Amino acid sequence: MDSYLIQVNGHGDHAPMLDVNLKNTGNIISPGKVKCRKPRWAVRASEMSKKTFNPVRAIVDSMKVEPNPKKAMISLSLGDPTVFGNLPTNDEVTRAVKEVLDSGQYNGYAPSVGYQSCREAVAAYYNCPEAPLKAQDVILTSGCSQAIELALAVLANPGQNILVPRPGFSLYKTLALSMGIEVKLYNLLPDKAWEIDLEHLESLVDEKTACLIVNNPSNPCGSVFSKSHLQAILAVASRQCVPILADEIYGDMVFADCKYEPIATLSTNVPILSCGGLAKRWLVPGWRMGWILIHDRRDIFGNEIRDGLVRLSQRILGPCTIVQGALERILHRTPPEFYHNTLSILKSNADLCYAALAAIPGLQPVRPAGAMYLMVEIEMEHFPEFENDVEFTERLISEQSVFCLPAT
């Protein structure tokens, strides 16, 4: 019978509190049997790291431009509502976190998919008859970015492809290429409020297409799809049997003359992984609290996708437990006027930017309907001294100390 050695990590006086590991001592390899490789250094970066490329960071980091020293820098290149201090979160939100911190009950590890009570809170908040949710349909993540990463990782294999909007959030391509997944860009139509070119979208689908990414409300376009357009998108996905990854982090951040429709509420058969979080609507991007909502009423995903998400979430032990503990209070205690006031500020700023830019010959802004973005077309014939939007952006920094992102 094999013998075992019990090893306790730590000092003897703390043994009952520490990890206990079991080690089989039956078969001990003698030093003489160990094969040594040639003693030389050969440390190389992984293929995944070499494939990881963030186009926004590449443009920003490569710019060798100094802002005008006579003018204060105005950075309009990052979707962070906290930068200028004029959009603080609500007192109820911070109070909820303080209460949890003082309780001392959420300082340990949580299940990798999140505490059951917190998953129940998110499910209850988003549950509706058109798209019912239960706790097992919710995976908590470290921000919406990790939600997107897990959703991509569970739906696509290396060598497959995904359909991504153009213009679109650069993270989709960054994540996909690092995983060996091909990116096919479908066009958005600026003259139709950035609706999807559905004919172009459908033409890109092939036998290797793993999923369609739908970002609504849009980063970086500030657009909000109508109910009829979302139904048309679902019709394409249904015909082609392609699941949808819905990036809905800006859900409900729409202006008064528009209505946000979660795409899952309109789907009768297309399975959807909807990604969201606290970052934007509650104005706390640094708290890193996101989630995946699994909508699969026809059981097309089955247990395989759900189990895959659980396994992938086990690579790290979930999002911050302090914020998890406060989640139910944040969702249910935040007063409606907080959301209203935030949208009022965003809408007034959007109107101001649109009016000012529309008055400049050669610039054609597209009026946003939500989120916190505005896209501007540069009619290059009005600016013959520039080759492209990158050069235009660089001159804007050097002359006016205003930093915008080139759409390239």
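This is a predicted model: local features need pLDDT of at least 70, side-chain atom pairs count only at pLDDT 80 or more; totals for chains, interfaces and linings use all residues.
Residues are numbered from 1 along each chain as its sequence is written. Local features need pLDDT of at least 70, side-chain atom pairs count only at pLDDT 80 or more, totals for chains, interfaces and linings use all residues, and side-chain values use heavy atoms, with hydrogens and water left out.

**Domain and helix**

UniProt, in an unreviewed entry, places the feature "domain: Aminotransferase class I/classII large" at residues 73–406; such annotations may be inferred rather than shown by experiment. Over residues 73–406 the chain is 37% helix and 16% strand (DSSP runs: helices are H or I, at least four residues; strands are E, at least two; both are numbered from the N terminus).

Helix α5 covers residues 143–155 and spans 19 Å from its first C-alpha to its last, close to the expected 18 Å (1.5 Å times one less than its number of residues). In α5, 10 of 13 residues are buried, meaning under 20% relative accessible area with a 1.4 Å probe, protein chains only. Among them are Gly-143, Cys-144, Leu-150 and Leu-155.

**Lys-280**

The unreviewed UniProt entry gives Lys-280 the annotation "modified residue: N6-(pyridoxal phosphate)lysine". Lys-280 lies in the loop between β10 and β11. Because its relative accessible area is 13%, Lys-280 counts as buried. Leaving out residues up to four places away in sequence, Lys-280 touches Gly-79, Ile-249, Tyr-250, Met-253 and Tyr-373 (heavy atoms within 4.5 Å).

**Pocket and cavities**

On a 1 Å grid over the protein atoms alone, a cavity is a set of points where a 1.4 Å probe fits but cannot get out, and a pocket is an open set with protein on both sides within 12 Å along at least five of seven lines; lining residues have an atom within 4 Å of a point. A volume is the space filled by probe spheres set on the points.

The second largest pocket has 23 lining residues, and Tyr-126, Asp-252, Tyr-260, Pro-262 and Leu-293 lie nearest its centre. Strand β10 gives the largest share of this lining, 4 residues. By class, the lining has 13 nonpolar, 7 polar and 3 charged residues (Ala, Val, Leu, Ile, Met, Phe, Trp, Tyr, Cys and Pro are nonpolar, Asp, Glu, Lys and Arg charged, the others polar).

The structure holds 2 cavities of 30 Å³ or more.

| Space | Volume |
|---|---|
| Second largest pocket | About 390 Å³ |
| Largest cavity | About 60 Å³ |
| Second largest cavity | About 30 Å³ |

Asp-252 also lines the second largest cavity, together with Met-253, Arg-281, Tyr-339, Thr-342 and Leu-343.

Terms used. Buried means under 20% relative accessible area, exposed over 50%, partly exposed in between (1.4 Å probe, protein chains only).
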